[in-house]
Amino acid sequence: MKKYIIITSLLLMTILIWSSCKKDQPIDEDGLLITTRSECYVSNFELLGADFQTVRSKAPVIDTVACTIQQEVFFGTDLKNLWPQFTLVTDAKLDPKITGKVDFSDLANPKKYTVVSGNRQVRKTYTVIITVQK
């Protein structure tokens, strides 16, 4: 009986390992699953300061047609040390990736981020326009 349980366990482990290694789903260069979804938009935006507290003085205005995000921040905000956070549609990804704090101090040249759809075929570039509360 013990021998039967061991053989069955080994057989199940082999099947599990084989099925987990099976590459039936395409994966992109970042190791993310490529899906069939073509939706591509930003649904929410947050902007955190150096202390990881929000610096937004108002809710963001996200225009998914014009691909703009307008955000007003509190007066006195250190614009060189901000941490943007995007909420994207399912399976989409952001390019460039946000790996740390971002300098938004050049208000004349807004930052641009591209949202890439789940199928990696649709790309929309959003412009983040920051204004400072008066």
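Ring pairs link Phe45, Phe86 and Tyr113 into a cluster; rings of Phe, Tyr and Trp (its six-membered ring) pair if their centres lie within 6.5 Å. This is a predicted model, in which local features need pLDDT of at least 70 and side-chain atom pairs count only at pLDDT 80 or more, while totals for chains, interfaces and linings use all residues. Residues are numbered from 1 along each chain as its sequence is written, and side-chain values use heavy atoms, with hydrogens and water left out.

**Aromatic pairs**

- The structure holds three aromatic pairs.
- Phe45 and Phe86 form an edge-to-face pair, because their ring centres are 5.0 Å apart and their planes stand at 65° (under 30 degrees counts as stacked, over 60 as edge-to-face and the rest as tilted).
- Phe45 lies in strand 1 (residues 42–48) and Phe86 in strand 4 (residues 83–88), so this pair joins distant parts of the chain, 41 residues apart.
- Phe45 and Phe86 are buried (under 20% relative accessible area; exposed is over 50%, partly exposed in between; 1.4 Å probe, protein chains only).
- The pair of Phe86 and Tyr113 is tilted, at 5.0 Å centre to centre with 55° between the planes.
- Tyr113, in strand 6 (residues 111–116), is 27 residues from Phe86 in strand 4, and Tyr113 is buried as well.

**Fold**

- The protein chain has one helix and seven strands, in the order α-β-β-β-β-β-β-β along the sequence (DSSP runs numbered from the N terminus: helices H or I, at least four residues; strands E, at least two).

**Burial and contacts**

- Of the 134 residues of the protein chain, 31% are buried.
- Contacts (heavy atoms within 4.5 Å) between residues at least 6 apart in sequence join residues at least 24 apart in 54% of cases.
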